[in-house]
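Open the model in a viewer and keep the selection panel at hand. The stops below go from one selection to the next.

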Amino acid sequence: MTYRNPPTTPRKSATFDDYTLSEIRRAAATGIYDIRGAGAKRKLPHFDDLLFLGASISRYPLEGYRERCDTSVVLGSRHAKKPIELKIPITIAGMSFGSLSGPAKEALGRGATLSGTSTTTGDGGMTEEERGHSKQLVYQYLPSRYGMNLRDLRRADAIEVVVGQGAKPGGGGMLLGQKISDRVAEMRTLPKGIDQRSASRHPDWTGPDDLEIKILELREITDWEKPIYVKVGGARPYYDTALAVKAGADVVVVDGMQGGTAATQEVFIENVGQPTLACIRPAVQALQDLGMHRKVQLIVSGGIRNGADVAKALALGVDAVSIGTAALVALGDNDPRWEAEYNELGTTAGAYDDWHEGRDPAGITTQDPELMKRVDPVAAGRRLANYLKVMTLEAQTIARACGKNSLHNLEPEDLVALTIEAAAMAGVPLAGTNWIPGKNGF
Amino acid sequence: MTATKLSKAATHDHASRIFDLDVSSLRELNQALHNLTPGSNETAWEVLHPKGSHSVAVGVDQPVTIDVRGSVGYYCGGMNSGSTITVHGSAGPGVGENMMSGSIIVKGDASQYAGATGKGGLLVIEGNASSRCGISMKGIDIVVHGNIGHMSAFMAQSGNLVVLGDAGDALGDSIYEARLFVRGKVDSLGADCIAKEMRPEHLELLQGLLDRAGVTGVKPSEFKRYGSARTLYNFNIDNADAY
């Protein structure tokens, strides 16, 4: 009987994992960085790391199906003559026509309108489908100014000056040639079929003092009627929020790194910016320090998925949240019904993120006339409205359990954290302790 | 006397409607301009004592004439749609930004970003323009009698930029389909911007622009034309050094 040394189990490196190895091989073969859509995919501290305490002897709950729990929110009352009044504190984030198909944009407008909330244009101008089907439409004012015009500015319900987005703080837009159809090209004043790398900086202002003058101009053009939002990526949320307030914003939008993009470099998405959870408390703190909390509204986006996420964001001091990726999934993005076609593209339902290539089997991130027929704007809009309704009911369920007759009465004291990281970021105690890392000298 | 009374009196005399920014606010001025409806008789406006105010006569969408007697701050005539604005002085940053149509004439100099992202209309600067003149222009025509600064026509998409004097560094960097005509020297061209042949149709186009801008005694043949080499239109890794 011969003795054989016991073999070890083959072990893959945690550092050089399968994805990393495949990316090295891909880079070596192509000589170009990987471009994709969506937001950060790595695991990050998130709302899952927070829990609500619910009612107890010292707090009493509201009856689930009988007692009212208000969900409405008013955005832009600081300076605007016509603030935005929403029935629910969940809005649809900016996504461009060009990146998305016309039917997808229409569906977003329909769903938002059915739910009493707003939707937002994107880096490609305002389309008739979108304006026509959106009761409340936020018009983005972007560095590229593609399609920016006086008529659309005046028929918008609010204006969002976009400084950055969570997936790529400091990066501009990117729309590759295969998605530049005749209609997209015309709206952007560019030749058909060429790559569009939109600017990362605004062409006619730099810094907070200029921004203040730019906001004044937009207010003067629109006769001080419309709320002016300022959207920033989750880079320096305390200072960005404070500077936006100083510049005169009615609403500050902070987008964390889980927030999606139509297309940018993978290395950018995964390595620049802060998680949504880490952005909220600094932004709220800036508003509180300036005495502007609840006077200037704060919208947070990036990885909002359900009513619990909404409730947690609101409890941390946010006025409303925005959804992008989740809204696209409600419309039909990454649906397993197209699995065979995802496989042909070398991916699988749930992982498809090559939105820039314009071959989306679900017909959402495409300009292909055949593929986009797969989106029925009425049915998809209905699905989005259903989803928004569920999120709202979920958030109300939690708020009532915490004894709150309004979602906006949720507070940090209703929360604990499961991890030290989340406790430090959210500024709430680690579960089972009264320890808030970074507070009281610890 | 309030500005409103003063302006009404002026209207009765069929003279210009006068807005004195010493007595009335910028808000009143812009609101009065926005209240104009098609066919209004108030077609001539005069703005006194602008003293560097920002956002003078922004978002005007009726074909009126507005004479601004003095220098203005940022964004004068921003998003102008059809009006003719004459600044009898100098203009701060972003004069005529995102202009849709109409015309703006600056008798003095203009600061940075003149005509930024303009979609249409004509911007004439009788003095010099600073850096980033015509940045991201999308159909506007800009005629500068003097010189322009660095990074002008950066990412310029369409329209025409005419410079009777010199251009600074990195002219037309990352330019798309805009046409640049420079009579003097160009310090340097930006990425993907090259000198191009001046064909008869360009000479004709340029003559038209000079005529519209009231330029006399200057021949189109004295200019050189610059535009896109179109090598950066679709990403190619071998061009990465150009960025």
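Select A:Ala249 and A:Val252: among the 180 residues of the largest nonpolar core, these two touch the most other members. Next, colour helix α14 of chain A, residues 377-401, which gives this core its largest share, nine residues. The core lies between domain 1 (48-410) and domain 2 (411-442) of chain A, because both give residues to it. Bear in mind throughout that this is a predicted model.

Return to A:Val252 and show its contacts. Leaving out residues up to four places away in sequence, A:Val252 touches A:Val230, A:Thr241, A:Ala244, A:Val245, A:Ala283, A:Val296 and A:Leu298. A second, separate core has eight residues, including A:Met174, A:Ile180, A:Ala262 and A:Ala263.

How many of the 14 residues of α9(A) are buried? Eleven are, so the helix is largely enclosed by the rest of the structure. After α9(A) comes A:Gly291, with a positive phi near 70°.

Finally, move to chain B and select B:Gln112, in the loop between β5 (101-106) and β6 (122-125). B:Gln112 is buried, as 23 other C-beta atoms lie within 10 Å. Not counting residues up to four places away in sequence, B:Gln112 touches B:Pro93, B:Ser130, B:Ser131 and B:Arg132.

Key. Residues numbered from 1 in each chain as written. Chains lettered and ligands numbered in written order. Predicted model: local features only at pLDDT ≥ 70, side-chain atom pairs only at ≥ 80, totals over all residues. Helix = DSSP H or I, 4+ residues; strand = E, 2+ residues; numbered from the N terminus. Buried ≥ 20, exposed ≤ 12 C-beta atoms within 10 Å, placed from the backbone. Contact = placed C-beta atoms within 7 Å. Core = buried A, V, L, I, M, F, W, Y, C linked by C-beta atoms within 7 Å. Domains from an automatic or database assignment.
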